[in-house]
Amino acid sequence: MKNDMNRKRALISDAFKVKKKRNGTETFGAVDEGGPADMKSTLEYLMTLFPRKLFNDTLPPIVLKHQLYSIHDDKTLVDKEVNKLQESGELLMFQLGFDSEAFGLVFASDYKAKVLAGEEGKVTRTTVDKFLEKVVSSCPDLSFSKDKMLKEFLFTDSEITQLVKSGVLTVRDAGSWWLSIPNSGKFTKYFIQGRKAVLGMVKKSKYNEVLRADLEERRTTSQVKFPIKYHVHDIVGAELVESIPTTSGTLLRFADS
(Lines give C-alpha, C1' and ligand atoms only; values in the text may rest on other atoms or scores of the structure.)
Protein backbone atom coordinates (compact mmCIF):
# COMPACT_ATOMS: atom_id res chain seq x y z
CA MET A 1 0.00 0.00 0.00
CA LYS A 2 2.81 2.35 1.01
CA ASN A 3 4.71 1.57 -2.22
CA ASP A 4 1.58 2.28 -4.26
CA MET A 5 1.22 5.64 -2.54
CA ASN A 6 4.88 6.49 -3.17
CA ARG A 7 4.54 5.44 -6.81
CA LYS A 8 1.42 7.60 -7.21
CA ARG A 9 3.20 10.53 -5.60
CA ALA A 10 6.17 10.08 -7.93
CA LEU A 11 3.91 9.90 -11.00
CA ILE A 12 2.03 13.05 -10.02
CA SER A 13 5.30 14.80 -9.20
CA ASP A 14 6.85 13.73 -12.54
CA ALA A 15 3.84 15.03 -14.46
CA PHE A 16 4.43 18.43 -12.89
CA LYS A 17 8.18 18.37 -13.55
CA VAL A 18 7.70 17.71 -17.27
CA LYS A 19 5.90 21.02 -17.66
CA LYS A 20 8.59 22.76 -15.67
CA LYS A 21 11.36 21.62 -18.01
CA ARG A 22 9.46 22.23 -21.22
CA ASN A 23 8.50 25.81 -20.39
CA GLY A 24 11.80 26.65 -18.77
CA THR A 25 9.92 28.48 -16.02
CA GLU A 26 8.98 27.56 -12.48
CA THR A 27 5.35 26.88 -13.14
CA PHE A 28 3.81 23.48 -12.52
CA GLY A 29 1.75 21.14 -14.64
CA ALA A 30 -1.46 21.97 -16.45
CA VAL A 31 -1.11 25.74 -16.18
CA ASP A 32 -2.38 26.59 -19.64
CA GLU A 33 -4.86 23.87 -20.44
CA GLY A 34 -7.50 24.41 -17.76
CA GLY A 35 -10.42 22.01 -17.32
CA PRO A 36 -11.59 19.94 -14.35
CA ALA A 37 -9.15 17.09 -15.07
CA ASP A 38 -6.17 19.46 -14.83
CA MET A 39 -7.53 21.11 -11.69
CA LYS A 40 -8.05 17.67 -10.18
CA SER A 41 -4.45 16.66 -10.92
CA THR A 42 -3.25 19.95 -9.37
CA LEU A 43 -5.31 19.21 -6.24
CA GLU A 44 -3.91 15.67 -6.12
CA TYR A 45 -0.37 17.05 -6.36
CA LEU A 46 -0.96 19.55 -3.53
CA MET A 47 -2.58 16.82 -1.42
CA THR A 48 0.60 14.73 -1.62
CA LEU A 49 2.21 17.57 0.40
CA PHE A 50 -0.37 17.24 3.19
CA PRO A 51 1.23 15.61 6.27
CA ARG A 52 -1.24 12.79 7.05
CA LYS A 53 0.99 11.23 9.73
CA LEU A 54 1.06 14.48 11.71
CA PHE A 55 -2.65 13.95 12.41
CA ASN A 56 -2.39 10.17 12.82
CA ASP A 57 -4.20 9.87 9.48
CA THR A 58 -7.46 11.04 11.07
CA LEU A 59 -7.89 14.05 8.77
CA PRO A 60 -8.61 14.00 5.03
CA PRO A 61 -5.91 15.80 3.00
CA ILE A 62 -6.78 19.52 2.98
CA VAL A 63 -5.74 22.03 0.31
CA LEU A 64 -6.52 25.74 0.49
CA LYS A 65 -8.20 27.12 -2.59
CA HIS A 66 -5.67 29.96 -2.95
CA GLN A 67 -2.84 27.39 -3.11
CA LEU A 68 -4.19 26.55 -6.59
CA TYR A 69 -3.49 30.19 -7.57
CA SER A 70 0.22 29.53 -6.97
CA ILE A 71 0.13 27.00 -9.83
CA HIS A 72 -2.61 28.35 -12.15
CA ASP A 73 -2.30 32.07 -12.88
CA ASP A 74 -5.92 32.48 -13.98
CA LYS A 75 -7.93 32.80 -10.75
CA THR A 76 -11.25 32.98 -12.61
CA LEU A 77 -10.44 29.66 -14.29
CA VAL A 78 -9.50 28.09 -10.93
CA ASP A 79 -12.77 29.25 -9.35
CA LYS A 80 -14.79 27.99 -12.32
CA GLU A 81 -13.18 24.55 -12.34
CA VAL A 82 -13.37 24.19 -8.56
CA ASN A 83 -17.09 25.01 -8.81
CA LYS A 84 -17.52 22.28 -11.44
CA LEU A 85 -15.82 19.72 -9.18
CA GLN A 86 -18.09 20.83 -6.33
CA GLU A 87 -21.22 20.61 -8.47
CA SER A 88 -20.27 17.09 -9.58
CA GLY A 89 -19.98 16.07 -5.92
CA GLU A 90 -16.28 15.21 -6.14
CA LEU A 91 -15.00 18.14 -4.08
CA LEU A 92 -16.16 19.79 -0.85
CA MET A 93 -15.36 23.33 0.25
CA PHE A 94 -15.06 24.57 3.84
CA GLN A 95 -14.80 28.00 5.43
CA LEU A 96 -11.76 27.45 7.67
CA GLY A 97 -12.60 30.15 10.19
CA PHE A 98 -9.23 31.88 10.69
CA ASP A 99 -9.70 34.10 7.63
CA SER A 100 -12.87 34.88 5.67
CA GLU A 101 -10.89 34.35 2.44
CA ALA A 102 -9.47 30.96 3.47
CA PHE A 103 -11.38 28.07 1.95
CA GLY A 104 -10.34 24.46 2.47
CA LEU A 105 -10.84 21.90 -0.30
CA VAL A 106 -11.22 18.19 0.39
CA PHE A 107 -12.20 15.33 -1.91
CA ALA A 108 -15.69 14.14 -0.87
CA SER A 109 -14.61 10.48 -0.78
CA ASP A 110 -11.73 11.30 1.62
CA TYR A 111 -14.02 13.40 3.83
CA LYS A 112 -16.68 10.69 4.12
CA ALA A 113 -14.10 7.96 4.82
CA LYS A 114 -12.43 9.94 7.66
CA VAL A 115 -15.73 11.09 9.17
CA LEU A 116 -17.10 7.53 9.23
CA ALA A 117 -13.87 6.15 10.68
CA GLY A 118 -14.13 8.72 13.48
CA GLU A 119 -17.77 7.78 14.12
CA GLU A 120 -17.03 4.07 14.62
CA GLY A 121 -19.00 2.80 17.63
CA LYS A 122 -20.52 6.21 18.49
CA VAL A 123 -24.21 6.90 19.11
CA THR A 124 -24.10 9.78 16.60
CA ARG A 125 -23.13 7.38 13.76
CA THR A 126 -26.66 6.92 12.31
CA THR A 127 -27.33 10.66 12.21
CA VAL A 128 -23.93 11.36 10.65
CA ASP A 129 -24.57 8.64 8.04
CA LYS A 130 -27.87 10.33 7.17
CA PHE A 131 -26.12 13.72 6.92
CA LEU A 132 -23.39 12.39 4.59
CA GLU A 133 -25.98 10.66 2.41
CA LYS A 134 -28.70 13.35 2.25
CA VAL A 135 -26.71 16.59 2.56
CA VAL A 136 -23.01 16.17 1.71
CA SER A 137 -23.66 13.95 -1.33
CA SER A 138 -26.21 16.27 -2.90
CA CYS A 139 -25.55 19.84 -1.76
CA PRO A 140 -22.33 21.84 -2.42
CA ASP A 141 -23.20 24.58 0.12
CA LEU A 142 -20.65 25.83 2.65
CA SER A 143 -23.33 26.49 5.27
CA PHE A 144 -26.89 25.48 6.10
CA SER A 145 -29.77 27.36 7.70
CA LYS A 146 -31.98 25.83 10.37
CA ASP A 147 -34.93 26.15 7.99
CA LYS A 148 -33.13 24.14 5.30
CA MET A 149 -31.94 21.46 7.74
CA LEU A 150 -35.43 20.99 9.23
CA LYS A 151 -37.67 21.39 6.19
CA GLU A 152 -35.59 20.34 3.19
CA PHE A 153 -33.31 17.70 4.69
CA LEU A 154 -35.77 16.67 7.45
CA PHE A 155 -33.41 16.64 10.42
CA THR A 156 -34.75 17.16 13.95
CA ASP A 157 -33.30 19.68 16.43
CA SER A 158 -31.73 16.87 18.44
CA GLU A 159 -30.13 15.39 15.29
CA ILE A 160 -28.62 18.80 14.45
CA THR A 161 -27.17 18.90 17.99
CA GLN A 162 -25.63 15.46 17.32
CA LEU A 163 -24.08 16.72 14.06
CA VAL A 164 -22.51 19.68 15.89
CA LYS A 165 -21.24 17.31 18.59
CA SER A 166 -19.67 15.02 15.98
CA GLY A 167 -17.91 17.98 14.32
CA VAL A 168 -19.46 17.83 10.83
CA LEU A 169 -21.30 21.08 11.55
CA THR A 170 -20.02 24.10 13.48
CA VAL A 171 -22.09 27.11 14.54
CA ARG A 172 -22.00 30.02 12.09
CA ASP A 173 -24.53 32.23 13.88
CA ALA A 174 -27.94 31.85 15.51
CA GLY A 175 -29.81 29.46 13.24
CA SER A 176 -27.10 28.46 10.77
CA TRP A 177 -24.07 26.19 10.62
CA TRP A 178 -20.90 25.78 8.58
CA LEU A 179 -20.02 22.41 7.08
CA SER A 180 -16.86 21.44 8.95
CA ILE A 181 -14.04 18.91 9.18
CA PRO A 182 -14.03 17.05 12.52
CA ASN A 183 -10.85 17.50 14.59
CA SER A 184 -9.39 20.13 12.24
CA GLY A 185 -8.47 22.58 15.02
CA LYS A 186 -4.92 21.23 15.18
CA PHE A 187 -4.58 21.62 11.39
CA THR A 188 -5.53 25.32 11.66
CA LYS A 189 -3.12 25.87 14.57
CA TYR A 190 -0.13 24.23 12.80
CA PHE A 191 -1.00 25.88 9.49
CA ILE A 192 -1.02 29.44 10.92
CA GLN A 193 2.11 28.75 12.98
CA GLY A 194 3.96 27.39 9.92
CA ARG A 195 2.83 30.24 7.68
CA LYS A 196 4.23 32.79 10.14
CA ALA A 197 7.53 30.90 10.42
CA VAL A 198 8.01 30.54 6.63
CA LEU A 199 7.12 34.21 6.07
CA GLY A 200 9.65 34.98 8.79
CA MET A 201 12.32 33.12 6.78
CA VAL A 202 11.61 35.40 3.80
CA LYS A 203 11.61 38.54 5.96
CA LYS A 204 14.91 37.62 7.62
CA SER A 205 16.63 37.14 4.25
CA LYS A 206 18.66 39.96 2.72
CA TYR A 207 16.36 42.60 1.13
CA ASN A 208 13.34 40.57 2.37
CA GLU A 209 13.70 38.19 -0.57
CA VAL A 210 14.80 34.62 -1.22
CA LEU A 211 14.92 32.26 -4.20
CA ARG A 212 11.92 29.95 -4.10
CA ALA A 213 14.10 26.89 -4.77
CA ASP A 214 16.38 27.81 -1.84
CA LEU A 215 13.43 28.35 0.51
CA GLU A 216 11.94 24.99 -0.46
CA GLU A 217 15.22 23.27 0.44
CA ARG A 218 15.38 24.83 3.92
CA ARG A 219 15.25 22.52 6.91
CA THR A 220 12.01 22.85 8.82
CA THR A 221 12.07 24.24 12.35
CA SER A 222 9.92 23.08 15.27
CA GLN A 223 7.45 25.80 14.21
CA VAL A 224 6.97 24.25 10.77
CA LYS A 225 5.14 20.95 10.98
CA PHE A 226 4.14 20.79 7.29
CA PRO A 227 6.46 20.39 4.29
CA ILE A 228 7.83 23.84 3.37
CA LYS A 229 6.44 23.43 -0.18
CA TYR A 230 2.91 23.31 1.28
CA HIS A 231 3.52 26.69 2.91
CA VAL A 232 5.22 28.14 -0.18
CA HIS A 233 2.11 27.34 -2.26
CA ASP A 234 0.11 29.08 0.50
CA ILE A 235 2.13 32.31 0.75
CA VAL A 236 2.46 32.62 -3.05
CA GLY A 237 -1.24 31.90 -3.69
CA ALA A 238 -2.37 34.26 -0.90
CA GLU A 239 -0.04 36.94 -2.34
CA LEU A 240 1.78 37.36 0.97
CA VAL A 241 4.96 37.31 -1.14
CA GLU A 242 5.58 38.57 -4.67
CA SER A 243 6.93 36.09 -7.23
CA ILE A 244 9.59 37.67 -9.42
CA PRO A 245 11.10 35.70 -12.34
CA THR A 246 14.91 35.96 -12.52
CA THR A 247 17.63 34.16 -14.46
CA SER A 248 18.37 32.17 -11.27
CA GLY A 249 14.73 31.12 -10.83
CA THR A 250 11.69 32.60 -9.10
CA LEU A 251 12.49 35.11 -6.38
CA LEU A 252 10.01 35.48 -3.50
CA ARG A 253 9.88 38.94 -1.97
CA PHE A 254 7.95 39.76 1.18
CA ALA A 255 4.92 41.82 0.18
CA ASP A 256 4.33 44.79 2.48
CA SER A 257 0.60 44.96 2.99
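The structure is a predicted model, in which local features need pLDDT of at least 70 and side-chain atom pairs pLDDT 80 or more, while totals for chains, interfaces and linings use all residues. Residues are numbered from 1 along each chain as its sequence is written, and side-chain values use heavy atoms, without hydrogens and water.

**Exercise 1.** Determine which residues line the largest cavity and to which classes they belong.

*Solution.* 
1. On a 1 Å grid over the protein atoms alone, a cavity is a set of points where a 1.4 Å probe fits but cannot get out; lining residues have an atom within 4 Å of a point.
2. Two cavities reach 30 Å³ or more, and the largest has a volume of about 40 Å³, a volume being the space filled by probe spheres set on the points, which are joined across faces, edges and corners.
3. Its lining consists of Gln-86, Leu-92, Met-93, Val-135, Val-136, Cys-139, Pro-140, Asp-141, Phe-144 and Leu-179.
4. Eight of these residues are nonpolar, one is polar and one is charged (nonpolar: Ala, Val, Leu, Ile, Met, Phe, Trp, Tyr, Cys and Pro; charged: Asp, Glu, Lys and Arg; polar: the others, Gly among them).

Definitions and conventions:
On a 1 Å grid over the protein atoms alone, a cavity is a set of points where a 1.4 Å probe fits but cannot get out, and a pocket is an open set with protein on both sides within 12 Å along at least five of seven lines; lining residues have an atom within 4 Å of a point.
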